[in-house]
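The entries follow in the order in which I looked things up.

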Amino acid sequence: MLVTGAGSGIGRETALLCARRGADLVICDLNAEGLAATEADARGLGRNVVTRSVDVSDREQMRAFASEVAAPDLLVNNAGVGIGGGLLDTPLEDWDWVVRINLMGVVHGCHFFVPKMIERGGGGHVVNLSSLAGLVASPELVAYSATKFGVLGLSLALREELVPHEIGVTAICPGIVNTPITRSSRLYGKSGEPGARERIVRNYERRGYGPERGAKNILRAVERNRPIAPITPESWVSWAVMRTSPRLAGWMARKLAAAAQR
Ligand SMILES: NC(=O)c1ccc[n+]([C@@H]2O[C@H](COP(=O)([O-])OP(=O)(O)OC[C@H]3O[C@@H](n4cnc5c(N)ncnc54)[C@H](O)[C@@H]3O)[C@@H](O)[C@H]2O)c1
């Protein structure tokens, strides 16, 4: 199996859970230290591991990566970054940055690896990391939501396209999962005010839903070949509300964004 962004958080735990269940790994990240730690842990479980330093937003690096490794049976396009803020707060350069990684990174993963999976035959599964923010848009996550809605749309369309090849596609939509993403996210607007990052980090810690639980639910969603997999109860609830009343979901997202600042 192959995981992008496997040096931390959800990607790391998904890769290691697969390793525990007997899979050999192909993993990439830009975070060399994190990648080496995941590699060491997987080797400790007796697995073969191929690691590459790859920027998923870089087309040529992803092309080279795909040419060097065998077709995965499970492809997990996980690498992503966070950005908080409204449209009025977000510089265009940051739109470029987040679209290149969160959306084009997933496009590159699908573009370069899916044809290899088809050519190998025997089916397989593609997992793309969207978000709760890809199901319900938050006014404090405008650029992030835009990329994650994009990943959701891409995944649902690709799922239908790949039916003849017996390759499943699942969009994973986690809510609040306590990972280092809270520390690396770029924050603007209200999220960028003094003390806001510390509050966000504290809220994620208090929420107490770890990436190991996320990984278990990701693999369960693959087993069930779900089109969309909300991860964490808040994501399930938001999705249900969104399907019932987008207007109510919008109101809830506004209230939640305000509460997150407290
Ligand atoms: N943690 C959450 O609450 C949450 C919620 C919804 C969605 N997600 C999504 O889940 C995925 C994983 O997030 P996480 O919380 O585990 O974050 P994380 O920061 O712990 O891990 C993300 C990993 O991706 C890597 N990465 C970032 N940009 C990269 C690039 N250009 N090329 C290669 N690797 C790159 C990072 O170095 C890092 O190791 C992301 O797509 C994120 O948007 C997370």
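At roughly what angle do the axes of helix 1 and helix 8 cross? I worked from a predicted model. For helix 1 (residues 9-20) and helix 8 (residues 211-223), I found axes that come within 8 Å and cross at roughly 60°.

I then looked up the residues in contact. Helix 1 contributes Gly-9, Ile-10, Glu-13, Thr-14, Leu-17 and Cys-18, which meet Pro-211, Glu-212, Ala-215, Lys-216, Ile-218 and Leu-219 of helix 8. By class, I noted seven nonpolar, two polar and three charged residues in this contact.

Next I turned to helix 3 and helix 4. On the helix 3 side I listed Arg-59, Met-62, Arg-63, Phe-65, Ala-66 and Ser-67; on the helix 4 side, Gly-105, His-108, Gly-109, Phe-112, Phe-113 and Lys-116. This contact has five nonpolar, four polar and three charged residues.

Last, I examined helix 5 (residues 142-161). Its 20 residues reach 29 Å from first C-alpha to last, close to the expected 28 Å. Among the buried residues of helix 5 I noted Tyr-144, Lys-148, Val-151, Leu-152, Leu-158 and Arg-159. The buried residues of helix 5 pack against helix 4 (92-120) and against strands 5, 6, 7 and 9.

Note on methods: Residues are numbered from 1 along each chain as its sequence is written. This is a predicted model: local features need pLDDT of at least 70, side-chain atom pairs count only at pLDDT 80 or more; totals for chains, interfaces and linings use all residues. Side-chain values use heavy atoms; hydrogens and water are left out. Axes are lines fitted to C-alpha atoms, for helices over the stretch in contact, and angles run from 0 to 180 degrees between N-to-C directions. Helices (H or I, at least four residues) and strands (E, at least two) are DSSP runs, numbered from the N terminus. Contact means heavy atoms within 4.5 Å. Ala, Val, Leu, Ile, Met, Phe, Trp, Tyr, Cys and Pro count as nonpolar, Asp, Glu, Lys and Arg as charged, and the others, Gly among them, as polar. The expected span of a helix is 1.5 Å times one less than its number of residues. Buried means under 20% relative accessible area, exposed over 50%, partly exposed in between (1.4 Å probe, protein chains only).
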